[in-house]
Amino acid sequence: MNFSQAIQSCLAQYATFSGRATRSEFWWFVLFQVLVLGVSSMLGDVVNGIATLLLLLPALAAGARRLHDIGRSGWWQLLMLTGIGYLLLLFWWVQPSEA
């Protein structure tokens with residue numbers, strides 16, 4: 001999956017927490033988020049806040065689908081609230097897909 005296909009897929013499934021997301025789809029969307037939030041932060045706090053809110057739900061949905069792809073529940077994303085749990089999520093997100 002290339003960059004534009006991944007963005008189209010993630011934005012089309014912006015509130016779909018079921019299904020699977022491949023590694024390439026997930027990481028291309030993460031790159032898109034970083035680029036959008038980087039540009040929006042240069043445009044001001046209000047624009048950055050709006051961009052962050054607009055990308056929050058698609059990011060959570062893509063993360064949940066990625067966790068489903070490795071055999072985990074999407075609820076594991078709650079580990080991000082602990083701070084240190086983000087490292088475990090990163091480890092899981094880079095794992096290859098299950099059959």
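A salt bridge, as I use the term here, is a side-chain nitrogen of Lys or Arg within 4 Å of a carboxyl oxygen of Asp or Glu.

**Ground rules.** This is a predicted model, so I keep in mind that local features need pLDDT of at least 70 and side-chain atom pairs count only at pLDDT 80 or more, while totals for chains, interfaces and linings use all residues. Residues are numbered from 1 along each chain as its sequence is written, and side-chain values use heavy atoms, with hydrogens and water left out.

**Entry 1: salt bridges.** I searched the whole structure and got three salt bridges. I began with arginine 65 and glutamate 25, whose closest N and O atoms are 3.6 Å apart. This pair links distant parts of the chain, with arginine 65 in helix α3 and glutamate 25 in helix α2, 40 residues apart. (Helices are DSSP runs of H or I with at least four residues, numbered from the N terminus.) Is arginine 65 buried or exposed? Arginine 65 counts as buried because its relative accessibility is 0%. (Buried means under 20% relative accessible area, exposed over 50%, and partly exposed in between, with a 1.4 Å probe and protein chains only.) Glutamate 25 is buried too, at 5%.

Next I looked at arginine 20 and aspartate 69, whose side chains meet in a salt bridge at 2.9 Å, N to O. Arginine 20 lies in the loop between α1 and α2 and aspartate 69 in helix α3, so the pair ties together parts that are 49 residues apart in sequence. Arginine 20 is partly exposed at 42%, while aspartate 69 is buried at 4%.

Aspartate 69 turned up again, in a salt bridge with arginine 66 at 2.6 Å, N to O. Both of these residues sit in helix α3, three residues apart, about one turn of the helix. I noted the general rule: an α-helix has 3.6 residues a turn, so residues three or four places apart point the same way. Put together, Arg20, Arg66 and Asp69 are linked in a network of salt bridges.

**Entry 2: who touches whom.** I listed contacts (heavy atoms within 4.5 Å), leaving aside neighbours within four places in sequence. For glutamate 25 the list includes Met1, Ser9, Arg20 and Arg65. Arginine 66, at 0% relative accessibility, has contacts that include Phe26, Trp92, Trp93 and Pro96.

**Entry 3: helix α1.** Which residues of α1 are buried? I found Ala6, Ile7, Ser9 and Cys10. On the face turned away from it I found the exposed residues Gln8 and Ala12.

I also checked serine 9 by itself: α1 spans residues 3–12, and serine 9 has a relative accessible area of 14%. Serine 9 and phenylalanine 26 are 17 residues apart in sequence and 9.8 Å apart in space, C-alpha to C-alpha.

**Entry 4: leucine 43.** I placed leucine 43 in helix α2, and at 60% relative accessibility leucine 43 counts as exposed.

Terms used. Helices (H or I, at least four residues) and strands (E, at least two) are DSSP runs, numbered from the N terminus.
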